[in-house]
Amino acid sequence: MDVVLLSRLQFAAATMFHFLFVPLTLGLSVLVAIMETKYVRTGDETYLRMTKFWGKIFLINFALGVVTGITLEFQFGTNWSRYSAYVGDIFGSLLAIEASVAFFLESTLIGVWIFGWRKLSKKAHAACMWLIAAAGNISAIWILTANGWMQHPVGYTIRNGRAELTDFMAVLFNKFAILEFFHTVPAAFILSAFFVMGVSAYHLLKKQEIDFFTKSFRMALYFGLIFSIFIVIE
């Protein structure tokens, strides 16, 4: 094997593991936000237990996504340094915005959500979860914009042997990136819905926590159905 093939295999392995966790994080954040909102509106303690149970899974999944994502980003410099040097003015700026804006916001808010159960009001705490979900999906916008640019490079010129950004709005509104976002993110929501339904179905078959997992299953079913229809129409 040559160096290029080994680099591809390493990058593929890192990407594969990273993408096991990211879509589930995107969808679970929204589902947990819905569960906590239901608790705030109804006062039903079952929804609070659902929020904490699925919230813990979300946090574990988020942590694993961060670890694998850091490895992946380092490989742009170690495995594909020439590519990074060639298109870093464009590709690197998109990754930098994702990390310094969306990801940092999401991470900070997660800290507030974890430690704010007794320090924030119910409504403020639920709003914090919605902001986490929004920040996570905004993060997806920048990553998919970077990937969309790789598929369809726009808004740049070749100068001094490297690509330089000339039109940021052309990059941001790249049709490939927009199509990727409206396909990938709803698909992530569907994945999270089926994950919750699968875990809930297992416990229901075991006749464990019937009310808890029935409500979890029903909520995920409606959530998954809505975005499944969206994907079909899209």
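Predicted model: local features only at pLDDT ≥ 70, side-chain atom pairs only at ≥ 80, totals over all residues.
Biologist: How many helices and strands does the protein have, and in what order do they run?

Modeller: The protein has 7 helices and 2 strands. From the N terminus the order is α-α-α-α-β-β-α-α-α. The C-alpha trace spans about 65 × 40 × 35 Å along its principal axes.

Biologist: What is the confidence of the protein, on average and by helix?

Modeller: The average pLDDT is 93, and 100% of the residues score at least 70. Confidence is lowest in helix α3 (residues 81-115), with a mean of 90. It is highest in helix α6 (residues 175-205), at 95.

Biologist: What makes β1 and β2 a pair?

Modeller: Pairing needs at least two bridges. Strand β1 (residues 156-159) and strand β2 (residues 162-165) are joined by 4 bridges, so they count as paired. The two strands run antiparallel. As one of the partners, Tyr156 bridges to Leu165 in β2.

Biologist: How many residues lie between β1 and β2 in the hairpin, and which turn residue has a positive phi?

Modeller: The hairpin has 2 residues between its strands. In the turn, Asn160 has a positive phi of about 55°.

Biologist: Why is α1 called roughly antiparallel to α2?

Modeller: Helix α1 and helix α2 (residues 45-78) pack at an angle of about 155°, with their axes 7 Å apart. Roughly antiparallel means over 145 degrees. The angle is past that cut-off, so α1 is roughly antiparallel to α2.

Biologist: What is the handedness of that crossing, and which classes of residue make the contact of α1 with α2?

Modeller: The crossing of α1 and α2 is left-handed. Their contact has 19 nonpolar, 13 polar and 3 charged residues.

Biologist: Which residues meet where α1 contacts α7?

Modeller: From α1 come Gly27, Val30, Leu31, Ile34, Met35 and Lys38. From α7 come Met219, Ala220 and Phe223. By class, the contact of α1 with α7 has 7 nonpolar, 1 polar and 1 charged residues.

How values were computed. Residues numbered from 1 in each chain as written. Heavy atoms only, no water. Contact = heavy atoms within 4.5 Å. Nonpolar A, V, L, I, M, F, W, Y, C, P; charged D, E, K, R; others polar. pLDDT = per-residue confidence, 0-100. Axes fitted to C-alpha atoms, helices over the stretch in contact; angles between N-to-C directions. Parallel < 35°, antiparallel > 145°, perpendicular 65-115°, else oblique. Left-handed = near helix turned anticlockwise from the far one by under 90°.
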